[in-house]
Amino acid sequence: MIPKKTTVKDSHIVKIAVERENHMAQLINLDQRHPLASKIQDICNGWAISDHQNYALQFCESNNQKYVTEKNRNEIKNGSVLRLQYSPSKTASDAMETLLNGSPQEKVKRLEELISLSMDHTFALEFIKEKGLDTLIKMIEDVGQNNEEILKYSLASFVELMEHGTVSWEVPENSFVTRNIEIVRNFQKYPTSCGESALSNLENIVQCSTKHVLVAEDIKLQDILRLLQEVNSPVMRQNAIALLNALFLKADESRRRTIAHTISAKQFRLALIGNGLGTEMTHQLYVLQTLTLGLLEKRMRMKMNAQDQDAHEKIKELRRIAFDDHTNALNQNDDHIRRGGGSGAGNVNFSQYYKKLGFKCDINPAQDFIETPPGILALDCMVYFARTYTQQYSKIVRENSCRADEHECPFGRTSIELVKVLCDILRIGEPPAEQSGDFQPMFFTHDSPFEEFFCICVITLNRTWKDMRATAEDFTTTFSVVREQIQRTLKCRPENLEDFRNKIALLTYQQITTLRQQERTSKEECDSTASAIVKLKEKISPHILELIKQQRLSFLVEGTRFAKYLRGNRTKDKFWYARLSPNHKVIHYGDCDEKNIPTLEDLPKKLPISEIKQLLEGKECPHMKETRPRKSAASLAFSITFENMEHSTLDFVAPDESIFNYWTDGINALLGQPMVSKQKNEDFDTLLSMEIKLRLLDTEGVDISKDPPPIPEDPENYDFCFES
C-alpha cells in the first residue's frame, strides 16, 4: 500500500531570489509572518554587510521598482526576484547631501534618479522628512540657475512628490508660484518638460491653494492661446487645457463669461482642436465643453419676468419678422401696449399672430417661458434663429400657420420643448463626469455653437413632423423620434456643425423607423405564454447562463485599462491594467500607459482566484469610504478582498457601466456566485428570445396553443387488428 503524503505546503512561505550588484544572488524562503527587518538582517549577513539597518528590499520588475514594506509585502509571490538596495531613509539622506554639496554634474545625475525614486510613496515620505521638498523648491525658484537639466529634473521630481498628496499645495510660497508662471509665459526659453511640469503645478495650485488668485491674475488667456498655437507636445497642450479648466472652475460668473467669450474666437477654437486627440486630451476638451455650455444654465433656469422689457421686445421681434407684411400697420401701436398685459396683451390682432406662431398662450406669450428648464434660454434660441436664418424661419412659421388641417407644427411650443430636449441631451447644468469622453468637436467650430445647434435641430424637427404627418396628439411621439435622431447623430462625433447638418439630414423618420424595427426584432422578448414554450425556456436557460458566463470570463481574459484613483479622485495620466489568465485561475495586474495593451508577462502582480474572499461594490469599497468621491465614481467602484489578508483589497473604478457589469459578473462567476448585474439580465433576455425564435422557425404559421392538447379517452377495447 502506498503511504499517503502528509506534508502540507505552508502558504506563508514564498521562495524568492534576492540580487545585489556584483554579487551572486541568494535563494531564500521568506516567511511572511516574520518581520521584514529580521530577514533583511539575515540577507545582509550572507553578504557580510554590517550596517543592515541602511538596507531594504526592492521590487526589480521594469514597471514596478517600489520598496518592499510591511504594507505591500503581500505582493511578493513565489518566484519573485527582489533587489537589496540602500533603504529609503539612507537614499534620501544621500540625495540631500548631493543636492546641497555636490557638483552640478552630480546634482543632475541625482535629480534624474530622483524622478523615478519619487514615484515610490515610502521614499517620498523619507525625502520630504529630510526637507528635500524645500530644497527642490529653492532650486526651482533660483532664477540665476543656468543649468537647464537641473531645472528640468527638479520640476519633474517636485511633480512626482506632490502626486502622493501628503503635502498641502499651500506649502509653496508666492515666489514658487511666480517662478512657474514665468516658465509658462516664456515657454520658448525652456525645455518642453519644464513647461509640462510648470503647467501641472499651476493647475494644482489653482485647484487646491488659496494662491489661485495669483495665477488667475498673471496667466493671461493669450498666454495659453500662444502656447497652444506654437507647442506640439501633446502633454503640454493637455496640461494647458487642464489649467484653463481649473481657472474656469475657480472664476466667478463674469470672469467665466469673459473666458468663454475669449476662447470662442476662431483662432482660439482652432488652437484647441488643432492637433491629435489622445484619451486625456479628449477628456480635458470634454470638461471645457461642459463648462462653457454650462454658462447657459443661468438662462435655462430663469423664468421670464413680466417686467423684462428686453424679453417682451424679443417676442415682438419674432412676430414682426414672421409677419412683417401684415403687421407694419400695427407696429405703431406697440408702444401703447399696457405694461402689465404682456407682449400684445389686449390686442386681438397680435393675439392671432401669436397663435399662428404656435404659442400656447396667444394672449400673453410670456407665459410660455415660465417653465424651467428651458426658461428664457428658449426665447434666446428662437430669436437667434429668426435673426440669423430669417428666410427659413419665416417659411416654417407661414407654412404651418396657413395649413387648414390639424397637421400644423406649432413653432413656439415645439421650439421651447426642443431647447428643453437639447439641454437634457447635453446635460447642461451638470458638472463634468470624471471619466467621460463625450467630447463633440463641433461645439468648438462656431462662435454661438448651442444656438447654431438649435437652428439645425429645429429644421430637422419641422421636417420630421411633416414626414410623420403628426398632429398635436403626436407631440410626445414626435419628440422621441427627434431626440433619437439627435442622439444617434452625436454618436458619430461630427467634426463641425455642417457635418452634423448633413448626417442628421440622412437620418429621416423612415430611417429611424427601420432602425427601431431592427432593434426591436433583435431584442424583443418572446411573449408567448404557451406551457411548451415555458418548458423550453426552462430547459435552455442554464445553457444561456453558461454562454453569458463564458463571455464575461473571455472579457476578463482580454483585460481592461483602469484609471488610477487617489483618495477617491481620479489621477491624471495614471493607468493600470488587469486581466484574467486563460486558465481562469489568476488575475494579473500592473501599471500601464494609455495606449499599449500589456501582455500577461508585462503585468508583474498576481492574485490567485482561490485567495479572493468577497466582492464589494459602490460605497462599500474602502477607496470610496476614505473621502467624498463624485457620485459617478462611487457607482462604478468595486473591490476584491483577500482570504488571508484582512486589511488589503484590490480596488477598481470602471471606465463605464458596461465594463463595471462585465467585471463584477465575471468575478462573481469565478467565485461561484450568481451574476446579478442589470446587463446580465438584459443579455439573458436577448439571448433567450433569440434562441426561442431560432428553435421555433419551423413552426412559423402554426398556432401554438397555450395548453397542450387533451389526452384522448381510452378506447372501448384493445382488440386491435393489424392486417398484413
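What follows covers salt bridges, then a charged surface patch.

## Basis

This is a predicted model, in which local features need pLDDT of at least 70, side-chain atom pairs count only at pLDDT 80 or more, and totals for chains, interfaces and linings use all residues. Residues are numbered from 1 along each chain as its sequence is written, and side-chain values use heavy atoms, with hydrogens and water left out.

## Salt bridges

The structure holds 33 salt bridges (a side-chain nitrogen of Lys or Arg within 4 Å of a carboxyl oxygen of Asp or Glu). One of them joins E160 and K574, at 3.8 Å from N to O. E160 lies in helix α6 (residues 148-162) and K574 in strand β6 (residues 569-580), so the pair ties together parts 414 residues apart in sequence. Helices (H or I, at least four residues) and strands (E, at least two) are DSSP runs, numbered from the N terminus. E160 is buried at 14% relative accessibility, while K574 is partly exposed at 26%. Buried means under 20% relative accessible area, exposed over 50%, partly exposed in between (1.4 Å probe, protein chains only).

E113 bridges to R110 at 3.9 Å, N to O. Both sit in helix α3 (residues 104-117), 3 residues apart, about one turn of the helix. R301 pairs with E297, with the closest N and O atoms 2.9 Å apart. Shared partners also link R299, D310, K314 and D380 into one salt-bridge network.

## Negative patch

D656, E657, E682 and D685 form a negative surface patch (residues with over 30% relative accessible area and no salt bridge, like charges joined within 9 Å). D685 belongs to helix α30 (residues 678-695). D685 is partly exposed, at 31% relative accessible area.

Methods
Patches are made of residues with over 30% relative accessible area and no salt bridge: like charges are joined within 9 Å, nonpolar side chains (Val, Leu, Ile, Met, Phe, Trp, Tyr) within 5 Å. Accessible areas come from the Shrake-Rupley method with a 1.4 Å probe; for residues, only the protein chains shown count as cover. Lys and Arg count as positive and Asp and Glu as negative; His and the chain ends are not counted. The place of a charge is taken as NZ of Lys, CZ of Arg, CG of Asp or CD of Glu.
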